[in-house]
Amino acid sequence: MTSILREDQYFDNETDFCVVTGAAAMNQLEQLFLRNRISYFIKVQERSIFQKIFGRRSREEVFVVRINNRDVAAAAELAAEVPNVRIIGKVPEQDWSPKEKLRRLREEGRQREEDYIDDEE
């Protein structure tokens, strides 16, 4: 029996997108994502012992939001309107996808073959 998994498959599509301070801002961002069909994962960031001892008296929670790489550009536009949101993820470059990179390499190979054929004529 053979495996359906191959070495060139790419599965990790999630990235840390932003840090949100406060439940109200998190709720507002969550509503924006739901309306625009952007899937997300919310992780509550724990305060370190130093932040508990020396930090501000503020009890606001801090959240880290993770989203799919493909949605970063759209989510960045939406999150720009929400206060207390610090975007930490960056918009991926064009060749972030291994499939896109492979397609581009094949296209470059074809172009080299065409140039070689033109040189022979």
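**Entry 1: Asn-84**

I began with Asn-84, which turned out to be partly exposed, since its relative accessible area is 48% and residues count as exposed only over 50%. I note here that I am working from a predicted model. I then looked up where Asn-84 sits, and found it in the loop between α3 (72-79) and β4 (85-87). Leaving aside neighbours within four places in sequence, I listed the contacts of Asn-84 as Val-19, Val-20, Thr-21 and Ala-25. I also checked Gly-22, which is 62 residues away from Asn-84 along the chain, and found their C-alpha atoms separated by 7.3 Å.

**Entry 2: the sheet**

Next I asked in which order the strands of the sheet are arranged. I read an open sheet of 4 strands in the order β2-β3-β1-β4, paired in the antiparallel sense. The strands at the edges are β2 and β4, each of which pairs on one side only. When I looked at how neighbouring strands of this sheet are turned against each other, the average came to 30°, with direction ignored. I then turned to α3, which packs on the sheet and touches β1, β3 and β4, while its direction makes about 10° with that of β1.

**Entry 3: strand β3 and its partners**

I followed β3 (residues 62-68) through its pairings. With β1 (residues 14-21), strand β3 pairs in the antiparallel sense over 7 bridges, and in that context I noted that the bridge partner of Glu-14 in β3 is Asn-68. With β2 (residues 40-45), strand β3 is joined by 6 bridges, and these two strands also run antiparallel. I wrote down two positions facing β3: Val-44 has Phe-63 as its bridge partner, and Gln-45 stands opposite Val-62. Is β3 mostly covered or mostly open? I found it mostly covered, with 5 of its 7 residues buried.

**Entry 4: the nonpolar core**

Finally I looked up the largest nonpolar core, which has 18 residues. Those with the most contacts inside this core are Phe-17, Cys-18, Val-20, Leu-29, Phe-33, Val-65 and Ile-67. I recorded that β1, α1 (23-35), β3 and α3 each supply at least two residues of this core, and that α1 gives the most, with 5 residues.

Technical notes:
Residues numbered from 1 in each chain as written. Predicted model: local features only at pLDDT ≥ 70, side-chain atom pairs only at ≥ 80, totals over all residues. Heavy atoms only, no water. Buried < 20%, exposed > 50% of the residue type's maximum accessible area, 1.4 Å probe, protein only. Pairing = 2+ DSSP bridges. Contact = heavy atoms within 4.5 Å. Axes fitted to C-alpha atoms, helices over the stretch in contact; angles between N-to-C directions. Core = buried A, V, L, I, M, F, W, Y, C linked by side-chain atoms within 4.5 Å.
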